[in-house]
Amino acid sequence: MKKSLLTISVITALLTSGCSSDEQSTPTEEIRTIEVSTNLKNVSNVNALSSNCLPVGDSLTTNDDVKIPVGFEHPVCAIKDNRGFVHYVRTNDYQITITDSQGTKFTESIADITNFQFEFDVVGEAVAEVHFIGELEGKYTDVYSYYTVETPSKGQTIDRSETNVKIEVDNEQFSYVTFQSHNDDVIFQETTITTEKEFHFGLTGQQTNNSEEVVAYRYIKQDADVLFTARNYEMAYASIEFQPQKHFDFGVLEIDPNEGSIIITPPRFGNPIDITPTPIDKVINPDQVLGATIVNYEPTTGAATFEAQPKLGKAEPSVYPEIQFEPDTYILNQFDFNFDVETSISASTFMNIYLIDVDSKTLNAVVYPTGNVTILKKDTNGDYLTFDKFEGDGALQSFMIQYGEYTLASQTDSTKRQTNFILRVADDNKEAFEFTINEFTIELVDLQPLEPIDAAITEKQLIGADIKEIDLWTGNTTIIGKHNARISAVPTLKFPKGAISVKDVAINFDVTAPESELSSDVPYVNIYLENGDTYDLFIGGINDGKVIKQSNLGTCDQNELDTKTCYNSFTEFQAEKGEQTLRNWAESGKLNTNFVLRVGDSNDNLKDIEAKVNSYSVNLIDAF
């Protein structure tokens, strides 16, 4: 069927042809034919209980329709909401009105809201409105009720580029009142709900955990008073202040065993009726997608199909992870990520990962389904330029290796805050299309944000040096000499006189410095014994890890090993000197210290020379 503007067009042509040739004609938009169909919003084969809730051609996930209870005077279809409650939707007696940009209106009756298709000739942008036009209220004895559907109050806008239009209709006015009861607890003929008229409750027919329990329901459009009547004719009353699209659930009615009165639970207000079909193992939630609406979920895989319509001339949805990315909280290597999207059109789909560069500027890593990665960075004019690129086999792995330690940015994107790993579907696309998200995974590898690690050394420990830089994710600390002398440092552990022996201490040293600047070639640590002996523990070089007595600063040859002036490791030194007491050394005003770090010898000039302290740890063994 089709409504045409042919007659109007002919008249317009005749009128314009009679105008003076001196007058300039105003360009008009061309007439186009749009094919319009209607469907129930958020209803699919996942939550439909009867096939007449679905568009023609769609089928239920089960073989048989749920049997609609006898008693409805009009055709209805059954669906279930996310809490398992059954709902009934009236399917006949609707009307659609299409109004185009010239104000021309077309009206057509709808005999079946899920099986309607019609063609209209319109000009420019249009608005579609669907309303129920039948008789609504039944008789006093009617125990079954339903809700009707319609478009939102301002209708559904049809973009001037659309030719195939689905008008979504939903419950805009009704609320749902329910209670549960054992069959022999309540007299249903005497249990009523009253608005302008008095009605009985119907039974949804749904299964509950208790086979003797039934679920009663009624739809309302205004304030209501409820009367519950028990088998012993005890009564209980409740009032409902109406709000649209809400579920007022009184829960399970019980009879007080002592008094025989009805125990009712005050209905939970504010819970919206939610019929969006959502499998337990869904790939994504609808609110993670901007620029598209959910069509349905695949019941076994949880894959989500969305529909995108042009807005301001473009249809390019974005998909966002649920995790929040606070500033300076995560690095790239903490995440596993993956995506798999199918589109009904040929389109460019990719993921944007935003990183903080070493100059604190933001990098935009564009990850394509092929695994190729392009790194973009804004120039001084604000234009994105290619900064780096990874292509071919192993491209994604190479990107992760090179940029894995980069901090993830905290992005604002449209209405989303503190986000990242944004999936862009059909970038720069201008036509309506559908897409299915088979996978969208953004998972923390270590399950916790990476907490900054304490610096390997502090300013208070340093002598003749300052801290230049601290890597917050490793604790590695760069120090720089500030005098024409060597650099020294003391541990945080104190060594009171006669209190600590060699065997009591655990150490961990990792220090590097430019060998060309050091007379000693490498950093070392002075270990002072109470008996006056001093040993040097070398960090790096040919003596790395060895402990050598200061009076014999050679390599550990066999003779030196035999005379116990050289040890291959601190463990070996502890085994031999474990009972020796460590001296309470004083170093440049720092008292009760030992294991003094030396970068260079006393005659070295290390001003402005950098060294890196990755670890300088001296602790009591009992403290571990």
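**Pairs, sheets and a helix**

Me: Which residue in β17 is the bridge partner of Val226?

Reply: Ala238 in β17 is the bridge partner of Val226. This is a predicted model: local features need pLDDT of at least 70, side-chain atom pairs count only at pLDDT 80 or more, and totals for chains, interfaces and linings use all residues. Residues are numbered from 1 along each chain as its sequence is written, and side-chain values use heavy atoms, with hydrogens and water left out.

Me: What makes β16 and β17 a pair?

Reply: Two strands pair if DSSP finds at least two bridges between them. A strand is a DSSP run of E with at least two residues; a helix is a run of H or I with at least four; both are numbered from the N terminus. β16 (residues 224-229) and β17 share six bridges, in the antiparallel sense. With six bridges against a required two, they count as a pair.

Me: Why do β6 and β9 stand at the edges of their sheet?

Reply: The order in this open sheet of four strands is β6-β5-β8-β9, with antiparallel pairing. β6 (105-110) and β9 (156-158) each have a single partner strand, so one side of each lacks a neighbour in the sheet. The twist averages 25° from one strand to the next. Further in, β5 (residues 94-99) and β8 (residues 126-132) pair over six bridges, and Gln95 has His131 as its bridge partner in β8.

Me: How do you know that β26 is largely enclosed?

Reply: Start with the cut-off: buried means under 20% relative accessible area, exposed over 50%, partly exposed in between (1.4 Å probe, protein chains only). Six of the seven residues of β26 are buried, so the rest of the structure largely encloses this strand.

Me: Which strands does β26 pair with, and over how many bridges?

Reply: β26 runs antiparallel to β27, with six bridges. It also runs antiparallel to β33 (residues 422-424), with three bridges. With β30 (residues 407-408), there are two bridges. Two bridges meet the rule of at least two, so β30 qualifies. Leu355 stands opposite Leu363 in β27 and opposite Leu408 in β30.

Me: What makes β28 "mostly covered"?

Reply: Five of its six residues are buried. β28 also forms hairpins. With β27, there are five residues between the strands, and Gly371 in the turn has a positive phi of about 95°. With β29, there are again five residues between, and Gly382 in the turn has a positive phi of about 85°.

Me: Why are the buried residues of α2 said to be on the same side?

Reply: In α2 (residues 395-403), the buried residues are Ala395, Phe399, Met400 and Tyr403. They cover an arc of only 135° around the axis, which puts them on the same side of α2. The arc is that of the directions from the helix axis to the C-beta atoms. On the other side, Gln397 and Ile401 are exposed.

Me: What do the buried residues of α2 pack against?

Reply: They pack against β25 (335-343), β26 (350-356), β27 (362-367), β28 (373-378) and β29 (384-390). Contact here means heavy atoms within 4.5 Å.

Technical notes: Axes fitted to C-alpha atoms, helices over the stretch in contact; angles between N-to-C directions.
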